[in-house]
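Keep the viewer open as you read.

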Amino acid sequence: MTPPHAPTQNNTTQKGERANMKGATVAMLAMIIAMALLMVHQTEAISCGDLANMISPCLGYLQSGGSPTKQCCDGARKVQGATHSQADRRTACNCAKSAAGQFKVRQDTASNLPGKCGISTTIPINPNVDCNSIP
C-alpha cells in the first residue's frame with residue numbers, strides 16, 4: 001500500500017498531462033498571435049523619395065509642357081494608387097509643393113497632368129493650397 005503523502009502513478013501522470021496541455025495551450029496561443037500579426041499589414045507612409053521616383057518621368061513635361069509620355073502617366077497612376085490615406089495625400093501635397101519650386105515646374109502643366117493622363121486626383125495641384133486641409 002502506498003502512503004497517503006506519496007504521489008501515485010496516476011497522480012503523477014495527471015500532473016504531467018496538465019503540464020503538457022498547458023504548454024501546448026501557450027504554444028497554440030503564441031502561434032495564433034503570430035499569425036494575426038502577420039495578417040495585419042502595417043502600412044508605411046509614402047515618402048517624398050517614393051513620390052519623386054514615381055513622377056520623375058514627368059519632369060520634362062512638367063517643366064516644358066507638350067504631352068506627357070506613357071511612362072509619365074504610368075507614374076501619375078502609381079501616385080494615385082499610393083495615396084489612399086489622408087496622411088499619404090497630405091504628404092504627396094507637401095512633397096509636390098516643395099518639388100515644384102525646386103524643379104521650376106509650370107503650374108499649368110502640373111494642373112493639366114491628371115486630365116492628360118486620364119486620371120482624377122483628390123490632391124489639389126496648386127502652390128497655394130494648405131496641404132493640411134486635404135481630407
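Predicted model: local features only at pLDDT ≥ 70, side-chain atom pairs only at ≥ 80, totals over all residues.

Residues are numbered from 1 along each chain as its sequence is written, and side-chain values use heavy atoms, with hydrogens and water left out.

Which residues does D74 pair with through salt bridges? One partner is K70, with the closest N and O atoms 2.8 Å apart. The other is R77, where the closest N and O atoms are 3.5 Å apart. Here a salt bridge is a side-chain nitrogen of Lys or Arg within 4 Å of a carboxyl oxygen of Asp or Glu. Side chains of opposite charge can pair when their charged atoms come close.

D74 and K70 both sit in α4, four residues apart, about one turn of the helix. D74 and R77 are also both in α4, three residues apart, again about one turn. As for accessibility, K70 counts as exposed at 59%, while R77 is partly exposed at 38%.

How many salt bridges does a search of the whole structure find? The count is three. R106 and D108 also meet in a salt bridge, at 2.8 Å from N to O. R106 is partly exposed at 34% relative accessible area, and D108 is partly exposed at 38%. Salt bridges that share partners join K70, D74 and R77 into one network.

Back to α4, this time for its packing. Helix α2 (residues 48-55) and helix α4 (residues 70-82) pack at an angle of about 150°, with axes 7 Å apart; axes are lines fitted to C-alpha atoms over the stretch in contact, and angles run from 0 to 180 degrees between N-to-C directions. The α2 side of the contact (heavy atoms within 4.5 Å) is made by L51, M54 and I55, and the α4 side by G75, A76, K78, V79 and A82.

Methods. Helix = DSSP H or I, 4+ residues; strand = E, 2+ residues; numbered from the N terminus. Buried < 20%, exposed > 50% of the residue type's maximum accessible area, 1.4 Å probe, protein only.
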